[in-house]
Amino acid sequence: MNLKSFSTAVLAAVAFSATASTYTVESPDGNLAVKVDVSNKIGYSIELGGSPVLTDGVISLTLNGKTLGENPKVSKVSKKSVKETIKPTVAYKFSEIDNTYNQILLNFKGNYAVEFRAFNDGAAYRVITDMKGMVEVDNEVFSVGLPAGYKLHGQLAGGFKTSYEESYSNLSPEQWNASGNKYTLLPLLVELDGNKKVLISESALTDYPAMFLNPGNGIDKLNGIFPKVPLKFGDDGDRSVKILEEADYIAKTSGKRAFPWRYFVVTSNDGQIIENTMTARLAENNMIADASWIKPGTTTWEWWNGCVPYGPDVDFVAGCNTDTYKYFVDFASDYGVDYVLLDEGWAKRTQDPFTPNDNLDLQELIKYAKSKNVGIILWLTWLSVENNFDKLFENFAKMGVDGVKIDFMDRSDQWMVNYYERVAKEAAKNGLFVDFHGSFKPAGLEYKYPNVLSYEGVRGMEQMGGCRPENSVYMPYLRNAVGPMDYTPGAMLSYQPEKYRCDRPNSGGIGTRAYQMALYILWETGIQMLADNPTLYRANEDCARFIAGIPVQSDVTKALKAKAGEYSIVAKKKGDKWYVGGMTNNDQQWREFDIVLDFLGDGEYTMTSYEDGVNAPVQAMHYIKNVKKVKKGDTVKVKMARNGGYAAVIE
């Protein structure tokens with residue numbers, strides 16, 4: 001369960017001031033301030049260290065033709081300070097999350113309110129309504145101004161239909177203001193002068209469409225845009241549907257509710273973005289009373305490597321068949337991998353999730369896997385799930401399936417957001433976990449239903465040569481900063497970008513071997529893939545056992561070195577072990593860092609590291625393994641080649 005332990009009650013007048021129609025709420029440390037101006041509209045701005053980071057914000061919500069926030073009248077003001085500890089069911093970054101903030105709640109005439117929270121690392125707001133029956137949300141205004149000297153980092157799509165797999169764009173003000181025909185996905189990273197950064201996203205996204213951003217009609221503005229509610233669908237093949245008709249509103253929902261949080265991680269320390277837990281702190285409470293059955297972990301994945309193991313121990317025709325999957329099970333059992341994923345091809349027909357292909361005895365495979373303490377995950381299209389919703393998960397549970405990977409949603413309108421929650425709820429009822437592929441970014445559902453262990457919504461390694469470290473190095477500060485991410489790492493064939501020449505069944509990854517290994521430490525997810533061929537893992541015993549042994553949950557996460565878009569070095573603690581992972585881009589032949597091990601406890605430790613070899617800038621396969629004794633306070637030199645990395649365990 002999500003357990004919250006309160007240690008500070010409501011306080012009378014902490015970090016709050018009001019003069020006329022201006023209200024200010026400050027962070028507990030006093031370094032961040034949200035200023036709310038109520039005039040003919042509800043406006044706000046955010047300051048860090050006394051300097052503006054976002055200005056001229058506007059909040060409004062139009063329901064049934066009436067705009068809440070137009071000529072608003074404050075009827076009541078209340079404020080409080082909260083200090084609590086959240087213990088998440090799945091500890092992606094921390095087993096205990098400090099949730100300390102100051103809050104102001106402005107109630108307005110007309111049965112609505114706006115709630116603002118100020119944290120030491122950011123701010124958030126949401127609209128709350130108290131109206132009878134159902135309402136149609138015609139539009140929501142999210143609008144905020146950008147100070148001079150900004151740069152934006154994010155994904156641009158051509159419309160609302162997107163798999164969220166676009167490469168990151170890095171936009172100057174001129175480029176941003178000219179991008180009005182594009183739809184910018186959340187999260188978005190705003191880079192300002194003085195190394196200030198603002199990460200923008202949303203949480204508690206329930207019964208409502210996901211938000212996109214574009215300049216709208218403004219100059220140097222971020223404006224929210226939302227997909228309309230689809231009303232009528234048509235056939236579009238076996239993986240999707242066509243939207244034939246849309247409503248003129250963005251949501252139809254209960255008039256008595258809290259709307260999604262709009263949040264801003266605000267900092268001048270890039271490492272704080274990596275460590276942030278804003279999505280978790282603003283998410284809705286866990287709905288699964290007994291979540292002890294949820295088992296995050298690692299899994300094999302056959303799609304990326306073509307499902308073609310080879311070598312002297314392979315005496316069967318490889319493919320999506322019983323013998324091949326048993327081979328994957330044997331590998332998983334030998335290496336301590338928790339699950340085997342059967343991706344596209346296990347079923348006879350995409351739209352028939354009850355009938356395996358003629359070469360696969362699924363029940364026999366599940367029985368065999370269970371005998372080796374390995375679970376089974378099945379891939380499905382979202383449409384096949386929807387068309388068989390009433391009995392599919394119950395059937396899988398009876399068969400002994402552990403989880404499902406659901407693909408190709410590629411939308412985030414209200415209907416599809418509700419689909420995610422229906423799936424999570426029904427899967428939980430049947431003891432199944434979910435990995436959403438072809439999906440939008442995490443926005444809190446993974447805490448409301450913690451059987452949701454990961455989402456894609458990223459340009460991951462399935463993009464083969466289109467997945468490059470120069471793009472992935474932004475992920476700790478963007479996509480992975482808002483929640484668990486299914487990136488599918490683990491390539492044993494490594495290439496520098498100019499040398500990349502491979503495809504399935506001998507797939508490879510761009511970036512050095514040490515880089516690939518570091519991703520298992522850097523990436524936050526509840527279900528981590530080993531994407532390569534068991535044959536290659538067995539041929540690379542040390543590396544394979546190292547990555548298979550990295551836990552997907554962490555008690556503590558510490559950003560040691562961080563610069564968005566250039567490098568990150570992170571330490572994570574699980575139990576009595578520390579793991580250190582680093583990655584860098586293509587800009588420099590080598591980068592060197594001194595890491596102080598001041599986070600260790602007393603006593604002597606053994607540090608085993610996998611580092612870029614001297615030839616790694618050319619031959620990405622070159623790595624060296626070092627083992628040495630270390631203690632608290634020691635300084636370790638981390639040296640990473642271009643597109644390189646560093647991975648270590650300290651125990």
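**Reading the model, feature by feature**

Modeller: This is a predicted model. Let us begin at the end of a helix: α7 is followed by Gly400, whose phi is positive, near 100°.

Biologist: Which residues of helix α7 are buried?

Modeller: The general idea comes from the geometry of the helix. An α-helix has 3.6 residues a turn, so residues three or four places apart point the same way. In α7, which spans residues 392–399, the buried residues are Leu392, Phe393, Phe396 and Met399. Because they cover an arc of only 120° around the axis, they lie on the same side of α7.

Biologist: What covers the buried residues of α7?

Modeller: The covering elements include the strands β26 (352–356), β27 (375–381) and β28 (403–407). The helices α5 (362–371), α6 (382–387) and α8 (414–429) are also among them.

Biologist: How many bridges join β29 to β30?

Modeller: Strand β29 (residues 433–436) is joined to β30 by 3 bridges, and the two run parallel. As one example, Asp435 has Ser454 in β30 as its bridge partner.

Biologist: With which residues is Phe116 in contact, leaving aside its neighbours within four places in sequence?

Modeller: The contacts of Phe116 include Val25, Val34, Val36, Tyr44, Ile59, Leu106 and Tyr125. Asn102 and Gln103 are also among them.

Biologist: I would like to set two strand residues side by side. Is Val570 buried or exposed?

Modeller: Val570, placed in strand β35 (residues 567–574), is buried, with a relative accessible area of 2%. Leaving aside neighbours within four places in sequence, its contacts include Ile274, Ile521, Leu522, Leu560 and Val580. Val570 and Pro476 are 94 residues apart along the chain, and their C-alpha atoms are separated by 9.8 Å.

Biologist: And where is Ala562 placed?

Modeller: Ala562 belongs to strand β34 (residues 556–563). Ala562 counts as partly exposed because its relative accessibility is 22%, and buried means under 20%. Not counting residues up to four places away in sequence, Ala562 touches Asp270, Gly271, Ile274, Tyr477, Tyr567 and Ser568.

Biologist: How many disulfides does the count come to?

Modeller: A disulfide is a covalent bond between the sulfur atoms of two cysteines. The count here comes to 0 disulfides. For Cys467, the closest cysteine sulfur is in Cys502, 12 Å away, which is too far for a bond. Cys467 is buried, with a relative accessible area of 4%, and Cys502, at 13% relative accessibility, also counts as buried.

Biologist: Let us end with the backbone. Which peptide bond to Pro187 is cis?

Modeller: The cis bond joins Leu186 and Pro187, with omega about 0°. Pro187 lies in the loop between β14 (183–185) and β15 (188–191). The peptide bond from Arg504 to Pro505 is cis as well, with omega near 5°, and Pro505 lies in the loop between β31 (494–495) and β32 (509–510).

Biologist: What is the phi of Cys307?

Modeller: Phi of Cys307 is near 60°, a positive value in a residue other than glycine. Cys307 is found in the loop between β23 (297–301) and α4 (322–335), and at 4% relative accessibility it counts as buried. Asp410 also has a positive phi, near 55°; its place is in the loop between β28 and α8, and at 16% relative accessibility Asp410 counts as buried.

Definitions and conventions
Residues are numbered from 1 along each chain as its sequence is written. This is a predicted model: local features need pLDDT of at least 70, side-chain atom pairs count only at pLDDT 80 or more; totals for chains, interfaces and linings use all residues. Side-chain values use heavy atoms; hydrogens and water are left out. Buried means under 20% relative accessible area, exposed over 50%, partly exposed in between (1.4 Å probe, protein chains only). Helices (H or I, at least four residues) and strands (E, at least two) are DSSP runs, numbered from the N terminus. The arc is that of the directions from the helix axis to the C-beta atoms. Contact means heavy atoms within 4.5 Å. Two strands pair if DSSP finds at least two bridges between them. A disulfide is a pair of cysteine sulfur atoms within 2.5 Å.
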